Amino acid sequence: MPAAQHREHHGRTDRPQAVGPVLGLVGQPRDLDRLTSDELVALAAEIRGFLVASVARTGGHLGPNLGVVELTLALHRTFRSPRDTIIFDTGHQAYVHKLVTGRQDFSRLRERGGLSGYPSRAESVHDVVENSHASTSLSWADGVARAHRLRGEEDRHVVAVIGDGAMTGGMAWEALDNIAVSSDRHLVIVVNDNGRSYAPTIGGLAHHLDALRTNPGYERVLAGVRRALLAQGPPGRAAYDALHGLKRGLKDVLVPSAFFEDLGIKYTGPVDGHDITALEFALTRAREYSEPVIVHVITQKGRGYTPAEEHVADRFHAVGRIHPETGLPVVAERFGWTAVFAEEVLAMARRDERVVAVTAAMQAPVGLQPLADEMPERVVDVGIAEQHALTASAGMAYAGMHPVVALYATFLNRAFDQVLMDVALHRAGVTIVLDRAGLTGTDGPSHHGMWDMALMAHVPGLHLAAPRDEDTMRAALRHAVSVGDAPTVVRYPKGELPDPLPALRVLDDLDGGHGPFDAVDVLVEEPGDGPDAPRVLIVGVGAMAAAAAEAGRRLGGAWPVPAQGQAGLAGGVAPAVTVVHPHWVVPVPSPLVSAAAAADLVVVVEDGLVEGGIGSQLRDAVETAVETAAVRGAGAGAGHGPLSVGAGGGPVFKRLGVPRAFVGTDTRSQLLRELSMDAEGIVTATRTTLDVLVPGRRDAAALTALPWDARPNPATRLRSDTSAPPAARA
Ligand SMILES: Cc1ncc(C[n+]2csc(CCOP(=O)(O)OP(=O)(O)O)c2C)c(N)n1
């Protein structure tokens, strides 16, 4: 067994969970074909035992996977993956699929180097869609089926497995609309209906599925036939199995379902999703039908594991490490960012009757449960419909409410146009609260909330706050809901709160800016070694402020003496370091621009996309400010203020953040370390950058003779790139 499968990790010994005797026989899907009905039933039980034991040790999506055990077995027995394509919507319910497609070492699930928590093409040819943002499977399936037809690959089938929760997303309906008029004969849509998203699924569709689920007509007939045949012992079983083998049209088993039929899509169901025989019966017929078919399957989330079955809130949708016997968490949850939001939004709703919270199917995870418990009418759950959430919020704002839309940061990507055109263009007073912003860790590339700041920075009129601790978060939220004529965003990371980080003072505003949007706190001030010391401004964006402050303290202390002959700005001279935290980072506050323009080196640390992020915004703002001052100065005479002509342009920027890449799975702290976003990384990056500015030292003595505000910035003089302001290039 490879060493990786036996390593010590996070204080526990990771041994692959032992697989049962039947599961041990299944190395690939075709091995399922050889199993008898009894073996299949045994296999389902083994898989449930395996999932509980192994997810209890790693954390993961337990409830959804316990619900699809029989469904997944039936799918793989009926269809021939990878020749047939099986697409799991969202992909959080693909653990059973992994187990029967050759992946049975779950010991490092959702860790770097271990199995992904979602389908992953790198892992298996049986995995197709790995985006994990909900409601896309029908569009994927439509596309794959269409391509098969265009390429003349008529014998290939495509199956989309979509939950009733994911069916509430707009993309699913756009796809259905297209599928209804397509002539793809080999498209099967399995609606995995457990009545729940995280919490019970809401909305018109949910009511409709409810009605179908409880419609006894068709199911009664089918169940009757089945019972009668099976009651006759082996001959009846043979007849029933033979019936399964029949390749005939679906007319006899399809019931008209006004809802789907009106769309023009055939519907069959409801089918008991824990009866493999019934599932295979329905899937086989759907496979043979000459039009796209919806197979409505009823499953039970958390099936077979009492703590999950009895968990009212979410049936163990996703768990951390738990004790398998009790389902209780191994590590108690600490008071985190989400809990602060939960308290604050409740207090705001009590104070201000205009406040109404909006969630896209994630009421509890984003912290809206306490508000929903106390004032249910003040929380709107729109389903997995982020786009609708934003536009409906614009409507509510127009009509006198102040919506607070609480989302995971990664899911805001979907609603960018709605933020831009519905909320911002209409100057709607809507507050967007982004949980899990920045690097999130175990859910991999699709769940890092790393695009929000770079995207939101382009929305005219929008204000975005990135608080650093509990106090700044509460202040940002209160200020956000007081804004009635523009969108406001408050973003914070996953997990527990950092210690309070008090401000030494508020940054002076040289340009006369004022108000909470301009608040920039000074967290650390280190004087450096004398007047010759390079001036370093470190900007800690949001939760990065703590690491920035720590780095600032270290930089201001002992400073390494350079090796002989290696004089440099950095060499042996401790820089004057100021660490600041702007409460609001979009748009960049003017005091921050002034402070940056007066520095030699500006280091910006942000838990978001570095390109186009806050560091880039600040760099651009400094450039514009310097340019403007230069133009003004040319007309009015030089020599006043830090941005006047003769100041020679702006500082060098070092921007630390998330690169433009799909960042993989790892712990947040490890990722921060790798991207130089922890204190150590910030110190090293700052020193290295100062050392690169070595030639500037040649002029340092002469430069220091000038008054500070007229001193050319040595860093700028060294820049050869064309991004230097025109005044500096001239
Ligand atoms: C666009 C988007 N918004 C929110 C989520 C978070 N999310 C993950 S699973 C889930 C519920 C899915 O419910 P359903 O499709 O019924 O599957 P089940 O877990 O019940 O099997 C939600 C809201 C997501 N993945 N994508």
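What you have open is a predicted model, in which local features need pLDDT of at least 70 and side-chain atom pairs count only at pLDDT 80 or more, while totals for chains, interfaces and linings use all residues. Residues are numbered from 1 along each chain as its sequence is written.

**Stop 1: helices H20 and H24**

Select residues 545-556, helix H20, and residues 679-692, helix H24. Helices here are DSSP runs (H or I, at least four residues), strands are runs of E (at least two), and both are numbered from the N terminus. The two axes come within 8 Å and cross at roughly 50 degrees; H20 and H24 are therefore oblique to each other. Axes are lines fitted to C-alpha atoms, for helices over the stretch in contact, and angles run from 0 to 180 degrees between N-to-C directions. The crossing of H20 with H24 is right-handed, a term used when the near helix is turned clockwise from the far one by less than a right angle (left-handed if anticlockwise).

Now show the side chains. H20 brings Ala 547, Ala 548, Glu 550, Ala 551, Arg 554 and Leu 555 to the contact, and H24 brings Ala 679, Ile 682, Val 683 and Thr 686. Two residues are in contact if their C-beta atoms, placed from the backbone, lie within 7 Å. By class, this contact has seven nonpolar, one polar and two charged residues. Ala, Val, Leu, Ile, Met, Phe, Trp, Tyr, Cys and Pro count as nonpolar, Asp, Glu, Lys and Arg as charged, and the others, Gly among them, as polar.

**Stop 2: helices H13 and H19**

Next, select H13 (residues 337-351) and H19 (residues 470-481), which pack at about 40 degrees with their axes 10 Å apart. That angle makes H13 oblique to H19, and the crossing is right-handed. From H13, look for Trp 337, Val 340, Phe 341, Glu 344 and Met 348; they meet Glu 470, Met 473, Arg 474, Leu 477, Arg 478 and Val 481 of H19. Seven residues of this contact are nonpolar, none polar and four charged.

**Stop 3: helices H5 and H6**

How are H5 and H6 oriented to each other? Select residues 137-150 for H5 and 170-180 for H6: the angle is about 30 degrees, and the axes are 7 Å apart. H5 and H6 are therefore roughly parallel to each other. Leu 138, Ser 139 and Asp 142 of H5 meet H6 residues including Met 171, Ala 172 and Ala 175.

**Stop 4**

Zoom to Ser 81 and Pro 82, joined by a cis peptide bond with omega near 5 degrees. Pro 82 sits in the loop between helix H3 (69-78) and strand E3 (85-88). Then go to Val 586 and Pro 587, where the peptide bond is also cis, with omega about -10 degrees; Pro 587 belongs to the loop between strand E18 (584-586) and helix H21 (590-597). Finish at Phe 316, a residue other than glycine with a positive phi, near 60 degrees, in the loop between helix H12 (306-309) and H13.

Methods. Parallel < 35°, antiparallel > 145°, perpendicular 65-115°, else oblique.
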